[in-house]
Amino acid sequence: MRNRLIAIFVSMALAEALLSMLPLPSIAQNARPAARPAPRWPDGRVRLGAAPGEKGLWGGSGRLAVNPRSYEPRTTLAAPIHIDNVPLQPWARALVDYRHSNFLKDEPYTRCKPSPGPREWTTAYGFEILEMPELQRIYVLNNGGPHSFHTIYMDGRPHPSEKDLVSSYYGHSIGHWEGDTLVIDSVGFNERAWMNRDALPHTDRLHLIEHLTASIPIL
């Protein structure tokens, strides 16, 4: 149950993070193009990457939880949920407080390790989404931190059985479309990654469901 609750919180917080995202086109500083609809493929499906002949990154920032006990509490004030309302077990809450008391000195991200979950979408320097229909895969390329990539299989395959599942930073991800929303289902995480800058922990039993919607206007 604890992992299911954490996954629900992560999905809710991810939705908030995506609402604050804007693509960062290669344009002159302080110049902003007019808003236009999200690009689409010839079949009408929304296109998460740059349209042909265009450049740009997705970028986002911010915290997921208001936390007065954070090592930098003022940066959390605009977060969508208070840390006391996050459904953490006592051991996990104590670990969050411990990590902040040490100024997040053990954070994997600052050591160039991949960051799955919400941190993947709010990492510094942005990220690119590369859709490859011919391979039935989507790649998320992180430009900051470890310069890593996350593979999402879109060919309808299931997750490997538990005995064949090899844990990793990003886990094993399969995806499908629900209208203009990409649903990403991931299992097989190791416990070495932190999923966000709030220092929330997870175990290797985490089952994460993420929803990415890009039907909003693009600036």
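Which residue just after α2 takes a positive phi? It's F103, with a phi of about 60 degrees. Before going on, note that this is a predicted model, where local features need pLDDT of at least 70, side-chain atom pairs count only at pLDDT 80 or more, and totals for chains, interfaces and linings use all residues. Residues are numbered from 1 along each chain as its sequence is written, and side-chain values use heavy atoms, with hydrogens and water left out.

**Exercise 1. Work out the order of the elements in the chain.**

Step one: count the elements, using DSSP runs numbered from the N terminus (helices are H or I, at least four residues; strands are E, at least two).
Step two: read from the N terminus, which gives α-β-β-β-β-α-α-β-β-β-β-β-β.

**Exercise 2. Find which residues of α2 are buried, and how they sit around the helix axis.**

Step one: locate α2, which covers residues 90-101. Its 12 residues reach 16 Å from first C-alpha to last, close to the 16 Å expected at 1.5 Å a residue (the expected span being 1.5 Å times one less than the number of residues).
Step two: pick out the buried ones, meaning under 20% relative accessible area with a 1.4 Å probe and protein chains only; exposed is over 50%, and partly exposed is in between. They are A92, V96, R99 and H100.
Step three: look down the axis of α2. The buried residues fall within an arc of 95 degrees (taken from the directions from the helix axis to the C-beta atoms), so they line one face of the helix.

**Exercise 3. Trace the salt bridges of R69 with D84 and D97.**

Step one: set the rule. A salt bridge is a side-chain nitrogen of Lys or Arg within 4 Å of a carboxyl oxygen of Asp or Glu.
Step two: take R69 and D84, whose side chains meet at 3.2 Å, N to O. R69 lies in the loop between β3 (65-66) and β4 (81-82) and D84 in the loop between β4 and α2, so the pair ties together parts 15 residues apart in sequence.
Step three: turn to D97, which meets R69 at 3.1 Å, N to O. D97 lies in helix α2, so this pair ties together parts 28 residues apart in sequence.
Step four: check accessibility. R69 is partly exposed at 38%, D84 is partly exposed at 47%, and D97 is partly exposed at 28%.
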